[in-house]
Amino acid sequence: MPVIASSKSYRVGRSKTGLGLFATMPIKKGTRIIRYFGPILDSRIPAHDEIENKYLFELNNRWTIDGSVRKNLARYINHSCRPNAESDVRPRERKVFIRAIRNIEPGDEINYDYGTDYFKAYLKPIGCKCASCEKKRKKLRAEARAERAKVKARDERKAKKAGAKDIKKTAKKKLNGHAVAKANGRARA
């Protein structure tokens, strides 16, 4: 039987993506953190099938949990592409538990992967805001800045080289019909 975390091992707090669930005590790998609960919806009932909110957790093709209930603190768990927890779905019991898949330290945000359907519908259009994706985007932006700086420096070198050639060409001028050449930075007649 898996270890169950106490209700004081997490709290709701501000996250980069809004509100999130944070660990207040160390949570060991394999520990059940919290249960995702709410009214059970049947997709065969048209009124239930038309409900649209971001807190729906699909158990199978027929049953869905509406997690928008305010007492359901599990709804504050945010998505991450590199999560520290996962959902343990039990469709026959119509229950979902969130379980730690690695040790979670106090202050760490608890997160799990929402799955491809949710990701495509809600997260992809605005861009994933999880820490691993933010880190990737930050790295890509830094690489792009470095590439732009490299191109700019190369263009400046080319311009400088072209400018030096232009100076040599214009060094020979005609003054009163006589050619004037530059020697040691001074014009001579």
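So, β4 and β6, that's residues 63-66, pair in the antiparallel sense over three bridges. By "pair" I mean that DSSP finds at least two bridges between two strands, and strands here are DSSP runs of E with at least two residues, numbered from the N terminus. Inside this pairing, Asp42 has Trp63 of β6 as its bridge partner.

Before I go on: this is a predicted model, where local features need pLDDT of at least 70 and side-chain atom pairs count only at pLDDT 80 or more, while totals for chains, interfaces and linings use all residues. Residues are numbered from 1 along each chain as its sequence is written, and side-chain values use heavy atoms, with hydrogens and water left out.

Next, a hairpin. β8, residues 85-90, pairs with β9 in the antiparallel sense over six bridges, and Arg90 stands opposite Lys95 in β9. Four residues sit between the two strands, and Arg94 in that turn has a positive phi of about 55°.

And what about the core? The largest nonpolar core has 20 residues, and Ile33, Ile34, Ile77 and Ile110 have the most contacts inside it. Such a core is a set of buried Ala, Val, Leu, Ile, Met, Phe, Trp, Tyr and Cys residues joined through side-chain atoms within 4.5 Å; buried means under 20% relative accessible area, with a 1.4 Å probe and protein chains only. At least two residues each come from β2 (18-23), β3 (32-36), β6, β9 (95-100) and β10 (109-112).

Terms used: Buried < 20%, exposed > 50% of the residue type's maximum accessible area, 1.4 Å probe, protein only.
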